[in-house]
Amino acid sequence: MRCKNMLKVELYQLAHSGLIWIHIVVPLCAVSVFLAYYRFAVWSEAGKVTGYLQILSIAYPVMIALVTTMASDFETRAGCCQLVLTMPCHRSIVHIVKLSVLLICGVLSSFLAVLGFGVAFRMMGNGGFPIVFYVKAAILLFCGNITLYEISYLVSFQFQRGVGLGLGIVCSLVAALMQTGLGDAVWYYVPCGISLRWCSLYAMRQTGNAAQICCTDVKKSVIFMVVSGLLLLMLLFFWGKTWEARAAREE
């Protein structure tokens, strides 16, 4: 019952903060900008779709850092995190609920950015990729960044604002490197580059270029995501026991 009430509180805060608009406006802006550009671009249809998914994957870490930092700032402004510190339950549960709400918003934002683009792109006369492709691509985009949500959440609430935003920028740069030859042997162990590789490989498979897909590397990345995600969730639980918003008070 307490978790249910906390979830209601988080959803109420979300509805009255800028976080909800970021998850709606930013994907719609991305879709609009790329569709406007693709009306005049001379790329192939496969190149346009792959390029769009790659840009989304590179920008996603910054988006995650932005929303987790905003969530931390919101609690800091609310009496220096007193809303979290005075909850009549385990603090770890409060943080897990807050992270869950951000993940739900991330899912919806991913579908809005990818599926919204796919529907509009097909309406422009591009039918090479079925709707189910965009649905699966949105799932891959989000699932490949779950560990980043956990890492960014921990950093944003433990340290000052600039650290969380800086982490997002660095992760985006690293994600771009993972698409090059430098990342061929390590991308499946780098959280910020996994969604980029997943989306790129899935697009290659859809276009029939399956020879470039290494199933062993994909399996490694899935195992890494599951193991690291569970370990970070355990870290979040134990970290929440001793968290007292020291960084927020020092800022």
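The helices here are DSSP runs of H or I with at least four residues, numbered from the N terminus. This is a predicted model, so local features need pLDDT of at least 70 and side-chain atom pairs count only at pLDDT 80 or more, while totals for chains, interfaces and linings use all residues. Residues are numbered from 1 along each chain as its sequence is written, and side-chain values use heavy atoms, with hydrogens and water left out.

Back to the crossing. Residues 191-206 make up α9 and residues 215-242 make up α10, and the two pack at an angle of about 140 degrees with their axes 11 Å apart. The axes are lines fitted to C-alpha atoms over the stretch in contact, and angles run from 0 to 180 degrees between N-to-C directions. That makes α9 and α10 oblique to each other; under 35 degrees counts as roughly parallel, over 145 as roughly antiparallel, 65 to 115 as roughly perpendicular, and the rest as oblique. On the α9 side, the contact (heavy atoms within 4.5 Å) is made by Pro-191, Ile-194, Trp-198 and Leu-201, and α10 brings Val-218, Ser-221, Val-222, Phe-224 and Met-225. Sorted by class, that gives 8 nonpolar residues, 1 polar and no charged ones.

Helix α10 has another partner to look at. Helix α7 (residues 146-158) packs with α10 at about 25 degrees, their axes 9 Å apart, so α7 and α10 are roughly parallel to each other. This crossing is left-handed too, with α7 passing α10. Among the α7 residues involved are Ile-146, Ile-151, Leu-154 and Phe-157, and they meet α10 residues including Met-225, Leu-232, Leu-236 and Trp-239. The contact of α7 with α10 divides into 11 nonpolar, 4 polar and 1 charged residues.

As for charge pairs, the structure holds 1 salt bridge, that is, a side-chain nitrogen of Lys or Arg within 4 Å of a carboxyl oxygen of Asp or Glu. Arg-197 and Asp-184 form it, at 2.6 Å from N to O. Since Arg-197 sits in α9 and Asp-184 in the loop between α8 (161-178) and α9, the pair ties together parts that are 13 residues apart in sequence.

How far to trust all this? The protein chain averages a pLDDT (the predictor's confidence in each residue, from 0 to 100) of 82, and 82% of the residues score at least 70. Confidence is highest in helix α6 (residues 131-143), at a mean of 94, and lowest in helix α11 (residues 246-250), at 47.

Key:
Ala, Val, Leu, Ile, Met, Phe, Trp, Tyr, Cys and Pro count as nonpolar, Asp, Glu, Lys and Arg as charged, and the others, Gly among them, as polar. A crossing is left-handed if the near helix is turned anticlockwise from the far one by less than a right angle, and right-handed if clockwise.
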